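Subject: Structure for your files

Hello,

Here is the structure I said I would send. My notes follow below it.

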Amino acid sequence: MATTGLGSSLAYLLSRAERSVNRGLAAAVTAEGVTVEQWRILRALADGRGHSMGDLAEAVLMPHPTLTKAIDRLIDRSLVYRGHDPADRRRVAVFLADRGAELLGRVEGGVNDHHRLIEAAYGTERTERLMRDLEGLVGALEEEDRSARAGRAGPAVREAAQG
């Protein structure tokens with residue numbers, strides 16, 4: 001394992017892994033004429049609940065202006081639509097259109113094939129463990145962020161200060 005240079009940076013290794021995974025994912029989704037970001041949007045909307053732009057931006061890891069442009073492109077293709085939020089008619093939400101659901105169904109086959117390639121290369125058990133570990137890392141960092149914004153140290157900061 002690299003212990004010096006860029007290879008010793010967790011942020012660098014995560015970015016490198018993300019690029020590698022997304023390269024293969026892009027190949028899988030572009031066959032249907034969508035980008036990885038658009039696939040994420042369609043996938044997030046597949047729950048059928050409709051999402052505000054703010055919630056959707058957070059879910060798909062996109063800044064609002066970029067998301068707005070992506071949504072406009074998907075609307076132009078009749079894959080998504082804007083409508084009233086069922087919980088609050090004053091709010092606008094984005095929904096997956098039938099045509100978008102059909103496209104997502106076709107794309108998911110390639111996405112699943114890509115996931116199987118990762119599992120074949122890295123191992124199913126290791127891939128599942130990596131996904132759980134990454135979820136745990138994200139959860140811990142988000143908790144630290146919430147604690148810092150609230151003006152108190154989270155468990156990791158307290159542990160580091162004691163160690």
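Which helices each supply at least two residues of the negative patch? They are helix H3 (53-60) and helix H6 (124-149). Before the details, some ground rules. This is a predicted model, in which local features need pLDDT of at least 70 and side-chain atom pairs count only at pLDDT 80 or more, while totals for chains, interfaces and linings use all residues. Residues are numbered from 1 along each chain as its sequence is written, and side-chain values use heavy atoms, with hydrogens and water left out.

Overall layout

The chain has seven helices and two strands; helices (H or I, at least four residues) and strands (E, at least two) are DSSP runs, numbered from the N terminus. In sequence order the pattern reads α-α-α-α-β-β-α-α-α. Along the principal axes, the C-alpha atoms fill a box of roughly 55 × 45 × 25 Å. The chain has 163 residues, of which 28% count as buried. Here buried means under 20% relative accessible area, exposed means over 50%, and partly exposed is in between (1.4 Å probe, protein chains only). The areas themselves come from the Shrake-Rupley method with a 1.4 Å probe, and for residues only the protein chains shown count as cover.

Leu74 is a residue to look at for the buried class. It lies in helix H4 and counts as buried because its relative accessible area is 0%. Leu74 and Gly139 are 65 residues apart in sequence, and their C-alpha atoms are 31 Å apart in space.

The two strands

Strand S1 (80-85) pairs with strand S2 (residues 88-96) in the antiparallel sense, over six bridges. Two strands are taken to pair if DSSP finds at least two bridges between them.

The negative patch

The patch of negative charge lies on the surface and gathers Asp55, Glu58, Glu135 and Glu142. Patches are built from residues with over 30% relative accessible area and no salt bridge; like charges are joined within 9 Å, and nonpolar side chains (Val, Leu, Ile, Met, Phe, Trp, Tyr) within 5 Å. Lys and Arg count as positive and Asp and Glu as negative, with His and the chain ends not counted. The place of a charge is taken as NZ of Lys, CZ of Arg, CG of Asp or CD of Glu.

Salt bridges

The structure holds nine salt bridges, a salt bridge being a side-chain nitrogen of Lys or Arg within 4 Å of a carboxyl oxygen of Asp or Glu. Three of them are described here.

Glu32 forms one with Arg106, and the closest N and O atoms are 3.1 Å apart. Glu32 lies in the loop between helix H1 (10-30) and helix H2 (36-45), and Arg106 in helix H5 (residues 98-122), so the pair ties together parts that are 74 residues apart in sequence. Glu32 is partly exposed at 28% relative accessible area, and Arg106 is partly exposed at 48%.

Asp145 and Arg149 meet in another, at 3.1 Å from N to O. Both lie in helix H6, four residues apart, which is about one turn of the helix. Asp145 is partly exposed, with a relative accessible area of 40%, whereas Arg149 is exposed, at 63%.

The side chains of Arg49 and Asp47 also meet, with 3.0 Å from N to O. Arg49 counts as exposed at 55% relative accessibility, and Asp47 as partly exposed at 38%.

Backbone angles

Most residues other than glycine have a negative phi. Leu61 sits in the loop between H3 and helix H4 (64-76) and is exposed, with a relative accessible area of 67%. Ser78 also has a positive phi, near 60 degrees. Its place is in the loop between H4 and strand S1, and at 37% relative accessibility Ser78 counts as partly exposed.

Regards
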